[in-house]
Amino acid sequence: MRIAVAKETRDGESRVAMVPELVGKLTGLGYDVAVEPGAGLHALISDEEYTAAGAVVDVAAFEGADLVVSVQPLSIAQIRDLARGTTTISFLPVGQEQQTVVELRDAGVTSHAVELIPRISRAQSMDGLSSQALVAGYRCAIVAAGMLRRFFPLNMTAAGTVQAAEIVVLGAGVAGLQAIATAKRLGAVVRAYDVRAAAAEEIRSMGAKSIDLDLETLEGTGGYAREMTDDRAARQRQLLTPYIASADALITTAAVPGRPAPMLVTREMVEQMKPGSVVVDLAAESGGNVEGSVAGEVVRIGNAQVWGGRNVPSQMPGPASRLYAQNVVNLVTLMTAEDDEGNGVFSPDYADEILSGSCVTQDGRIVHEPTREAIEGTSEPEPTETPEPTAAAVPVEQPDVPYDQEADQ
Ligand SMILES: NC(=O)c1ccc[n+]([C@@H]2O[C@H](COP(=O)([O-])OP(=O)(O)OC[C@H]3O[C@@H](n4cnc5c(N)ncnc54)[C@H](O)[C@@H]3O)[C@@H](O)[C@H]2O)c1
């Protein structure tokens, strides 16, 4: 049984899906671990460290692999290198990666999308969204502290008192709470707002002040937020304006699953901030919580420097890889059974909701129903035996052309 660790191919991706210190967990389960040369270089992990940990470093790492693990989805070339029946684990944003899904289907690969792992307590240790959000939230607070040209903490000195910085955090999920905790540790005065009712208590437990806007809370399913109506959004923006105007730094981390990020802060609101103020928009890549923020850039709006996050966990590739690799080990453990002699065998049980829920393609079919509908239309297709693309798949093989579902109906 072989697990291959892919060298990431996407621009700007510095993480790696397995770290030397966890290789022993996989070998302990009975796997051989093969790592593509240079897989860990951007995370400052050398090939020699993998070898010392018991892995082999091999240009042909995918050959004979039961399972290939990566952070980002594999490239089309990597997928075409896989034997039919190979399993993959990676982030796989199915809405944006339709061509990849079609390739995985046609290659007969069983693919698992980490972001589709159900958010149930049993799956917490496999939850890559949470582990990477934790890194991103920390990083956001550090970026704000680095960009702000003043102290975060109160300083009482013989030369006088310097007031603490005032930070506002919008969105208090995993990333937001970590940003709050980090800013608090640095001594800032932190206020935070989230639409979920449970968030107020979580904000206070981090030592921050919860902003009460006296608006209805927006609970969705699974502990997530619901989308706002336009009226609710406008009222929220109006009520938040004075908090943002008086903040030295604003950190936004709000998201609604499956939707573009909610626009919480208009350009006009940012224009009311003081000279030298800083805005950190973690959601810049998925549409932005702040109007005018640009992913991967710092732009100036009024008096504020606005930093747009782009693959933020990858900016701390060592710890982000370590946490993700632990998520992978836990998922692989779930996929491993014991034979009669007590040896580990790669034998995922698809009756388990964690495995069935995260599985996107299997046996030449798209098994994640919303993705299948988006790519193939509404009628259940016949299973395909051959790796040839089906007629329905053709439009999505052009990544820049949005797939027109209506044309298929
Ligand atoms: N395995 C698990 O059980 C598990 C794992 C992770 C998170 N969770 C829960 O899921 C919830 C959200 O987690 P997340 O961080 O992944 O969420 P997320 O990344 O989807 O969203 C980030 C935050 O933005 C908030 N938000 C959305 N719209 C907003 C708006 N208009 N204004 C202000 N804030 C807004 C959300 O309420 C959320 O707290 C948390 O309650 C967390 O405890 C459960």
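Me: How many bridges join strand S10 to S11?
Reply: This is a predicted model. In it, S10 (residues 189-193) is joined to S11 by 2 bridges, and the two strands run parallel.

Me: And which residue is the bridge partner of Ala192 in S11?
Reply: Ser210 is the partner of Ala192.

Me: What's the order of the sheet they sit in?
Reply: The sheet is open and has 7 strands, ordered S11-S10-S9-S12-S13-S15-S14, with mixed pairing.

Me: Which strands stand at the edges?
Reply: Strand S11 (209-210) and strand S14 (298-301). Each has a single partner strand, so one side of each has no neighbour in the sheet.

Me: Switching to the ligand. How many residues surround it?
Reply: The ligand is surrounded by 32 residues, and the closest are Gly171, Gly173, Ala225, Ala254 and Ala255. Helix H5 (128-147) and helix H6 (174-185) are the elements that give two or more residues to that shell.

Me: What does the shell look like by class?
Reply: It has 20 nonpolar, 8 polar and 4 charged residues.

Me: Where does the ligand lie relative to the domains?
Reply: Domain 1 (2-126 + 317-408) and domain 2 (132-315) both give residues to the shell, so the ligand lies between them.

Me: Now the whole chain. How many helices and strands?
Reply: The protein chain has 12 helices and 19 strands. Of its 409 residues, 44% are buried.

Conventions: Residues are numbered from 1 along each chain as its sequence is written. This is a predicted model: local features need pLDDT of at least 70, side-chain atom pairs count only at pLDDT 80 or more; totals for chains, interfaces and linings use all residues. A residue is near a molecule or strand if its C-beta atom, placed from the backbone, lies within 6 Å of it. Helices (H or I, at least four residues) and strands (E, at least two) are DSSP runs, numbered from the N terminus. Ala, Val, Leu, Ile, Met, Phe, Trp, Tyr, Cys and Pro count as nonpolar, Asp, Glu, Lys and Arg as charged, and the others, Gly among them, as polar. Domain bounds come from an automatic or database domain assignment. A residue is buried if 20 or more other C-beta atoms lie within 10 Å of its own, exposed if 12 or fewer, and partly exposed in between; C-beta atoms are placed from the backbone. Two strands pair if DSSP finds at least two bridges between them.
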